[in-house]
Amino acid sequence: MLGSVDVLGSIDSSINGAGVVGWLPEDFNPTTFIQELVHNIDDIVVNNKCDSQNYKNNNGEREKIVLGRDMHTVSLEITEPDPDDEVTGEREAYMASVLSKYKKTLTEKTNFHLGYPYNLDFDYDALCQLQHFSINNLGDPFIESNYGVHSRQFEVGVLDWFARLWELEKNHYWGYITNCGTEGNLHGILLGREVLPDGILYASQESHYSVFKAARMYRMDCVKVNTLPSGQIDCHDFKAKLLSNKDKPAIVNVNIGTTVKGAVDDLDLVIKKLEEAGFSHDRFYIHCDGALFGLMLPFVKRAPKVSFKKAIGSVSVSGHKFVGCPMPCGVLITRLEHVNVLSRNVEYLASRDATIMGSRNGHAPLFLWYSLNRKGYRGFRKEVQKCLRNAHYLKDRLVEAGIGAMLNDLSSTVVFERPHDEDFVRKWQLACQGNIAHVVVMPSVTISKLDDFLDELVQNRALWFREGKYQPRCIASDVGINNCLCALHS
Ligand SMILES: Cc1ncc(COP(=O)(O)O)c(C=O)c1O
């Protein structure tokens, strides 16, 4: 109780400046209290519904970044229960109706989702029975903690599966199930920094924002490398930048599928450029960000291999993307020798602290274990082939309809002209950047869903262009002249 009074006291003093510490009055109304604490919405919201910032488009002009609506306008208030709620059952009924409406919304949104790399097609009913447990894998996956409600046996099974996929032997790897691909990047880059403390981080400019976030968090020097129109790292530029920083080791983020264009960096060429620039293997560390394609690439014929037989330090992948999982999660695998540099024993846990988070979601390993066991390598190969086929179908139909589009080899991310109507973008939950948008073809994206989307897009474009207010966007500087079908390039 003492703790809570202190907290209230400090809030009280920050509001009134009086520093009064006391018990809550009988008529205390938490909603008025909280309203005083939250930001004034008008300060941060532009146009009432969405915030917007500027960005420079390819012509150097300032355009607005459209942000989603302000959630405070639709948030579900938590109110104090009435004294007779338990008797009347009113509150239970109210909450049940809110949840049932929410379920309907989720079903609808799931049906119209195309833009983010999430496989929404899964069935984990068999795991419902485990939702009654607070499963927490706090600490190191390989060292049991005194907290017994854990799922380490499943976690290590999943890690073994990924270590085998990326060719690292059982007794030579370490890894853990993360909260998401971002945590995998934060951990992989931290490992690089611990192994090479004065290293410079190199990442292509099309790397995920979490890579640059890691550089800011760890206060690392970071060099952005140019990209080719495909989105791949430009290895000429990479080598030039290495040569001008030869005195410092290199920590390199290699993209196994970029976020926007699904481009896979050429890992072998990256290693070759490091060697050509005079970096011996003990003076560089490579982290492979395989958030989405880390799990697809091994099943694509003729694709370059991500393998610990090459000079790489770590690989991360998101678990909720290609696998499909009801909660965000991910996997990080590294060499055992690297993690020993950053881990510490913790008596309170009876385990070792080697992860970014303390408490760790113990349910996620169960979902991954279940899915990997059901599908196996063969199941994933089939799903990958289906996604690549469907992505080609979408790209071909877009081009047939006169819409500029690009699909990288090895990828199921179809990039095309950004639609002119933000309502259309929101309906299909497309991810946009500047003049381009993309659809990431996942196992849950069927041909019939793509047909519905294409039909609606083509109809809408006819309306957008009818009065000459809009014209097809030029996407040449994003994806190359060959893929652009604007008035100038078609
Ligand atoms: C290339 C890449 N890396 C990292 C991430 C971050 O993954 P997560 O959303 O699981 O944190 C993403 C997400 O889309 C991504 O595309």
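Modeller: A residue is called buried if 20 or more other C-beta atoms lie within 10 Å of its own, exposed if 12 or fewer, and partly exposed in between. Please keep in mind that this is a predicted model.

Colleague: Is Glu167 buried, exposed or partly exposed?

Modeller: Glu167 is found in the loop between α6 (152–165) and β3. Around Glu167 there are 14 other C-beta atoms within 10 Å. A residue is buried at 20 or more and exposed at 12 or fewer, so Glu167 counts as partly exposed.

Colleague: What phi does Glu167 have?

Modeller: Glu167 is not a glycine.

Colleague: Is Arg302 buried or exposed?

Modeller: Arg302 lies in the loop between β7 and β8, and it has a positive phi of about 65° although it is not a glycine. It has 6 C-beta neighbours inside 10 Å. Because the limit for this class is 12 or fewer, Arg302 counts as exposed.

Colleague: Which strands stand at the edges of the open sheet of 7 strands?

Modeller: The order of this sheet is β3-β9-β8-β7-β6-β4-β5, with mixed pairing. An edge strand has a single partner strand, so one side of it is left without a neighbour in the sheet. The strands in that position are β3 (173–178) and β5 (222–225).

Colleague: By what angle are neighbouring strands of this sheet turned against each other on average?

Modeller: The direction of the strands is ignored for this value. On average, neighbouring strands of the sheet are turned by 15°.

Colleague: In which sense do β3 and β9 pair?

Modeller: Between β3 and β9 there are 6 bridges. Tyr176 stands opposite Leu332 in β9. The sense of the pairing is antiparallel.

Colleague: Which residue of β9 stands opposite Ser314?

Modeller: Strand β8 (residues 314–318) also pairs with β9, in the antiparallel sense and over 5 bridges. Opposite Ser314 stands Thr334.

Colleague: How many residues of strand β9 are buried?

Modeller: Strand β9 covers residues 330–335. It is largely enclosed by the rest of the structure, because of its 6 residues the number buried is 5.

Colleague: In which sense do β4 and β6 pair?

Modeller: Strand β4 (residues 200–204) and strand β6 (residues 250–255) are joined over 4 bridges. Leu201 stands opposite Ile251 in β6. Their pairing is parallel.

Colleague: Which helix packs on the sheet, touching β6 and β7?

Modeller: The helix in question covers residues 267–276. Its direction makes about 160° with that of β6. It is helix α10.

Colleague: Which residue of β15 stands opposite Thr413?

Modeller: Strand β13 (residues 413–417) and strand β15 (residues 436–440) pair in the antiparallel sense over 5 bridges. Opposite Thr413 stands Val440.

Colleague: Which residues does Phe465 contact beyond its neighbours within four places in sequence?

Modeller: Phe465 is found in helix α15 (residues 447–466). It is partly exposed, with 13 other C-beta atoms within 10 Å. Leaving aside neighbours within four places in sequence, Phe465 is in contact with Tyr470 and Gln471.

Colleague: Which helix gives the most residues to the shell around the ligand?

Modeller: Of the 17 residues around the ligand, those that come nearest are Cys180, Gly181, Thr182, His208 and Ala291. The shell divides into 5 nonpolar, 11 polar and 1 charged. The helix that gives the most, with 3 residues, covers residues 181–195 and is α7.

Conventions: Residues numbered from 1 in each chain as written. Predicted model: local features only at pLDDT ≥ 70, side-chain atom pairs only at ≥ 80, totals over all residues. Near = placed C-beta within 6 Å. Helix = DSSP H or I, 4+ residues; strand = E, 2+ residues; numbered from the N terminus. Nonpolar A, V, L, I, M, F, W, Y, C, P; charged D, E, K, R; others polar. Contact = placed C-beta atoms within 7 Å. Pairing = 2+ DSSP bridges. Axes fitted to C-alpha atoms, helices over the stretch in contact; angles between N-to-C directions.
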